[in-house]
Amino acid sequence: MLELTSLKKQYHSNTIIDIPHLKLEAGIYWLRGANGTGKTTLLKMIAALLPFEGDITLNNISLKKNPLIYRQQVSWAEAEPLFPAFMTGKDLIYLYRKVRRSAPEEVNTLIELFGMTAYINEAIGTYSAGMTKKLSLVLALLGNPPLVVLDEPLITLDANTIHTVSDIILEKHKTMGSNFLMSSHQNLLEQIAIADKRLTIYNSTIVADEPSI
């Protein structure tokens with residue numbers, strides 16, 4: 001599914017990411033690592049948000065050779081999302097729905113599951129951190145992208161929402177074949193048992209915790 005080849009990222013003379021080769025088959029992946037190890041940098045590279053040396057392919061589509069087609073396959077949510085303060089959550093979801101070709105029924109279901117009905121028509125500038133986080137996850141989960149990349153998806157969420165996210169991820173992977181790559185320096189992903197494969201970023205590279213990867 002996802003293949004990283006001669007992947008390298010440097011800031012000045014400091015090497016942040018150096019992965020000679022890594023191939024990830026279909027699944028739900030938990031990328032672990034301490035703060036400052038490069039988790040977010042790696043995920044942003046995979047989400048086509050940062051330049052890099054080497055190449056990344058998803059379902060045999062090269063990011064370097066076919067960037068538009070590659071980007072159409074990937075959905076992304078930041079750890080601390082920022083959206084235009086003047087827009088409403090509903091307006092932003094509508095824009096994403098058109099791009100993702102998501103059915104209105106899916107939008108309504110996600111809004112209800114995340115408990116956003118009461119404020120979805122309010123300006124995003126009035127949202128709390130938790131409300132903004134929920135919105136970012138709804139946007140990332142719309143449609144049926146082959147790969148959903150989530151950076152620290154559980155921070156600022158209450159316990160009920162954490163389990164909602166878990167249920168949606170498992171359902172989308174099972175019924176729609178969407179695959180997930182999520183980062184966390186916490187063990188919440190392990191506690192709620194959604195990641196079936198674990199990776200650790202250490203010394204600028206990836207260590208696969210399971211030999212089957």
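Predicted model: local features only at pLDDT ≥ 70, side-chain atom pairs only at ≥ 80, totals over all residues.
**Stop 1: a loop**

Select serine 102, which sits in the loop between α3 and α4. Is serine 102 buried or exposed? Buried means under 20% relative accessible area, and serine 102 counts as buried because its relative accessibility is 4%. Now show its side chain together with that of glutamate 106: the two make a polar contact at 2.3 Å. Leaving aside neighbours within four places in sequence, serine 102 is also in contact with Arg97, Val107, Leu142 and Gly143.

**Stop 2: the whole protein**

Zoom out and colour by secondary structure. How many helices and strands does the protein have? There are seven helices and ten strands. The radius of gyration is 17 Å, close to the 17 Å that the globule rule gives for 213 residues, so the protein is as compact as a globular protein of that length. Of the 213 residues, 48% count as buried. Take the contacts between residues at least 6 apart in sequence: 68% of them join residues at least 24 apart.

**Stop 3: the largest nonpolar core**

Next, select Ile93, Phe114, Met116, Leu135, Leu150, Ile169 and Phe180. Among the 32 residues of the largest nonpolar core, these touch the most other members. Then highlight α3 (89–100), α4 (104–113), α5 (129–141), β7 (147–151), α6 (159–176) and β8 (179–184), each of which supplies at least two residues of this core. Which of these elements gives the most? That is α5, with six residues.

Stay with leucine 150 for a moment. Not counting residues up to four places away in sequence, its contacts include Leu43, Ala77, Ile169 and Phe180. There is also a second, separate core of 30 residues, with Met1, Ala47, Tyr70 and Ile206 among its members.

**Stop 4: a serine in a strand**

Move to serine 75 in strand β6 (residues 74–77). Serine 75 is buried, with a relative accessible area of 2%. A polar atom of its side chain lies 2.7 Å from the backbone oxygen of alanine 140. Beyond its sequence neighbours up to four places away, serine 75 touches several residues, including Arg100, Pro145 and Val149.

**Stop 5: helix α1**

Select residues 39–46 to see helix α1. Six of its eight residues are buried, so α1 is largely enclosed by the rest of the structure. The buried ones are Lys39, Thr41, Leu42, Leu43, Met45 and Ile46. Just after α1, look for alanine 48, which takes a positive phi of about 65 degrees.

**Stop 6: the rings**

Finish with some aromatic side chains. Arginine 32 lies over the face of tryptophan 30, at 5.1 Å from the ring centre.

Conventions. Residues numbered from 1 in each chain as written. Heavy atoms only, no water. Core = buried A, V, L, I, M, F, W, Y, C linked by side-chain atoms within 4.5 Å. Buried < 20%, exposed > 50% of the residue type's maximum accessible area, 1.4 Å probe, protein only. Helix = DSSP H or I, 4+ residues; strand = E, 2+ residues; numbered from the N terminus. Contact = heavy atoms within 4.5 Å. Polar contact = N/O pair within 3.5 Å; in protein donor to acceptor, adjacent residues only side chain to side chain. Lys NZ or Arg CZ within 6 Å of the ring centre and 35° of its normal. Rg over C-alpha atoms; globule rule 2.2 N^0.38 Å.
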